[in-house]
Amino acid sequence: MVVCPASGLNPEVRHRIDTCDKVTHIDRVFEPSDLETLPPSNTTPDMVLVAVDDPAASTQIWKLCKEHRIPANIADV
């Protein structure tokens, strides 16, 4: 599952979304409710990977993951 506006996808991720039927793309910015349920399965994520160029947003997502006890990898540099 990739949650990101389409305009922010890099070419490699866009290619994976377009060619792999196991990758679902949600074309919008992250919302805190994404840590509760994500389509299409409407289940809690097993893990979160954050790769955005906004340190404040990365920190906020990390804090939310910690609250929900969801392992997270934050690429903030």
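Colleague: What am I looking at, and which pLDDT cut-offs apply?

Modeller: This is a predicted model, where local features need pLDDT of at least 70, side-chain atom pairs count only at pLDDT 80 or more, and totals for chains, interfaces and linings use all residues. Residues are numbered from 1 along each chain as its sequence is written, and side-chain values use heavy atoms, with hydrogens and water left out.

Colleague: Start with α2. How far apart are its end C-alpha atoms?

Modeller: They are 20 Å apart. Helix α2 has 14 residues, 55-68, and should span 20 Å at 1.5 Å a residue, so the two values agree. The expected span is 1.5 Å times one less than the number of residues. Helices here are DSSP runs of H or I, at least four residues, and strands are runs of E, at least two, numbered from the N terminus.

Colleague: Which residues of α2 are buried?

Modeller: S58, I61, L64 and C65. Buried means under 20% relative accessible area, exposed over 50%, and partly exposed in between, with a 1.4 Å probe and protein chains only.

Colleague: Where do they sit around the axis?

Modeller: The buried residues of α2 fall within an arc of 125 degrees, so they line one face of the helix. The arc is taken from the directions from the helix axis to the C-beta atoms.

Colleague: What do they pack against?

Modeller: Against β3 (48-50) and β4 (72-74). The face of α2 turned away from that buried side carries the exposed residues P55, A56, K66 and E67.

Colleague: Take S58. What does it contact?

Modeller: S58 is in contact with V50, V52 and I74, leaving aside neighbours within four places in sequence. Contact means heavy atoms within 4.5 Å. S58 is at 2% relative accessibility, so it counts as buried.

Colleague: What caps the N-terminal end of α2?

Modeller: D54 does, with a side-chain oxygen 3.1 Å from the backbone nitrogen of A56.

Colleague: And what happens just after α2?

Modeller: R69 takes a positive phi of about 60 degrees. Most residues other than glycine have a negative phi. R69 is in the loop between α2 and β4.

Colleague: Is R69 buried or exposed?

Modeller: R69 is exposed, with a relative accessible area of 78%.

Colleague: Switching topic. What is the volume of the largest pocket?

Modeller: About 890 Å³. It is lined by 25 residues, with V2, V3, L49, V50 and A51 nearest its centre. The elements that give two or more residues to the lining are β1 (2-3), β3 and α2.

Colleague: Which gives the most?

Modeller: β3, with 3 residues.

Colleague: Now the loop between β2 and β3. What does the side chain of D34 make a polar contact with?

Modeller: With the side chain of R28, at 2.6 Å. A polar contact is a pair of N or O atoms within 3.5 Å; within protein, one must be able to donate a hydrogen and the other to accept it, and residues adjacent in sequence count only if both atoms are side-chain atoms. D34 is buried, with a relative accessible area of 3%. D34 also touches residues beyond four places in sequence, among them V3 and P45.

Colleague: And T43, what does it touch?

Modeller: E36, T37 and L38, not counting residues up to four places away in sequence. T43 is in the loop between β2 (25-26) and β3. At 43% relative accessibility, T43 counts as partly exposed.

Note on methods. 1 Å grid on protein atoms, 1.4 Å probe; cavity = no way out; pocket = protein on both sides within 12 Å on 5 of 7 lines; lining within 4 Å. Points joined across faces, edges and corners; volume = space filled by probe spheres on them.
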